[in-house]
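Reader: I have a protein model to look at, and I would like to learn how to read it. Please take the features one at a time.

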Amino acid sequence: MERFLFPRWTNPFLLVLGAAIGGGGLFAAAMGGLITDPVTLNIGYEPEQPVPFSHAIHAGQLKLDCRYCHNTVFEASHAAVPPTATCVNCHSPRNEQGQTSLAAVHADSVNLKPIHESWKTGKSMQWIRVHNLPEFVYFNHSAHVNSGVSCVSCHGRIDQMETVYQHEQLSMAWCIECHQNPNEHLRPREFVTKLDWEPSEDFWKEHYDVANQEEFAKMIRDKENIHPQRHCAVCHR
């Protein structure tokens, strides 16, 4: 009975197979760990909107408070997208005589036809959502802003953005990090929507009789019973 011998080509084949397996493992690690990482996947997401609304002009130059448009943030879990009637308060369409029916501010500065059509027909504008959380994640805007967490902490300097983009990764690890160490994000509630706010050197001593922001955060957390929860059921409902 003759002994079975593997063909000679199996030796280089095993080397090629090993290299393929190793390369496949590296590729899978890169795809699963790097390319799908929240920093890579989410930060900088900047969809084109149906109307080129500039936050840099409205919230920056004109100093409109965030609550003029997003008027539910202190009372509701979501930050309302304003109806087109809010836009028309300033940007009213012209009538047949070329006059505006309402007081207008730069009514012709951009293409506002979609806004005016929405206002006339009652059909909502199809704005594209920028900050997307999974459906199984519960986030309450009012709980955060009423605790003194500024819009800046999650959204960045919106007042400097021509087109809004995602500034933070909004991942679970990012949220947990803030819940573990929230002090640096807490400020007086009246400055939550003032995106360019920076306290003066003697602000804390003059207004709250504390030395710095860290001491203010500890004081306000005790006073307002602010203790961010880290239990899974708080966000995953």
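Predicted model: local features only at pLDDT ≥ 70, side-chain atom pairs only at ≥ 80, totals over all residues.

Author: Residues are numbered from 1 along each chain as its sequence is written, and side-chain values use heavy atoms, with hydrogens and water left out.

Reader: How many helices and strands does the protein chain have?

Author: Helices (H or I, at least four residues) and strands (E, at least two) are DSSP runs, numbered from the N terminus. The protein chain has twelve helices and zero strands.

Reader: What share of the residues counts as buried?

Author: Buried means under 20% relative accessible area, exposed means over 50%, and partly exposed is in between (1.4 Å probe, protein chains only). The areas come from the Shrake-Rupley method, and for residues only the protein chains shown count as cover. Of the 237 residues of the protein chain, 30% count as buried.

Reader: How do I read a salt bridge?

Author: Side chains of opposite charge can pair when their charged atoms come close. The rule here asks for a side-chain nitrogen of Lys or Arg within 4 Å of a carboxyl oxygen of Asp or Glu. The whole structure holds six salt bridges. One of them joins D196 and K63, at 3.3 Å from N to O. These two are 133 residues apart: D196 is in the loop between α9 (172–180) and α10 (203–208), and K63 is in the loop between α3 (55–61) and α4 (66–69). K63 is exposed because its relative accessibility is 56%, whereas D196 is partly exposed at 32%.

Reader: Which residues are linked with K63 in a network of salt bridges?

Author: The network of salt bridges links K63 with K194 and D196. Elsewhere, D159 pairs with R157, and their closest N and O atoms are 2.7 Å apart. D159 has a relative accessible area of 8%, so it is buried; R157, at 27%, is partly exposed.

Reader: How do I read a pair of aromatic rings?

Author: A pair of aromatic rings is described by the distance of the centres and the angle of the planes. Rings of Phe, Tyr and Trp (its six-membered ring) pair if their centres lie within 6.5 Å; planes under 30 degrees apart count as stacked, over 60 as edge-to-face and the rest as tilted. That rule gives ten aromatic pairs. The W197 and W204 rings are edge-to-face because their planes stand at 90 degrees, with centres 6.0 Å apart. W197 is buried at 10% relative accessibility, and W204 is buried at 5%. Ring pairs also link both of them with F191, F203, Y208 and F216 in a cluster.

Reader: Which residues form the negative surface patch?

Author: A patch takes residues with over 30% relative accessible area and no salt bridge; like charges are joined within 9 Å, and nonpolar side chains (Val, Leu, Ile, Met, Phe, Trp, Tyr) within 5 Å. Lys and Arg count as positive and Asp and Glu as negative, while His and the chain ends are not counted. The place of a charge is NZ of Lys, CZ of Arg, CG of Asp or CD of Glu. The negative patch consists of E177, E184, E214 and E215. E214 sits in helix α11 (residues 213–224).

Reader: What does a positive phi tell me?

Author: Most residues other than glycine have a negative phi. D209 is not a glycine, yet its phi is positive, at about 55 degrees. D209 lies in the loop between α10 and α11.

How values were computed. Areas by Shrake-Rupley, 256 points an atom, 1.4 Å probe, with all protein chains shown as cover.
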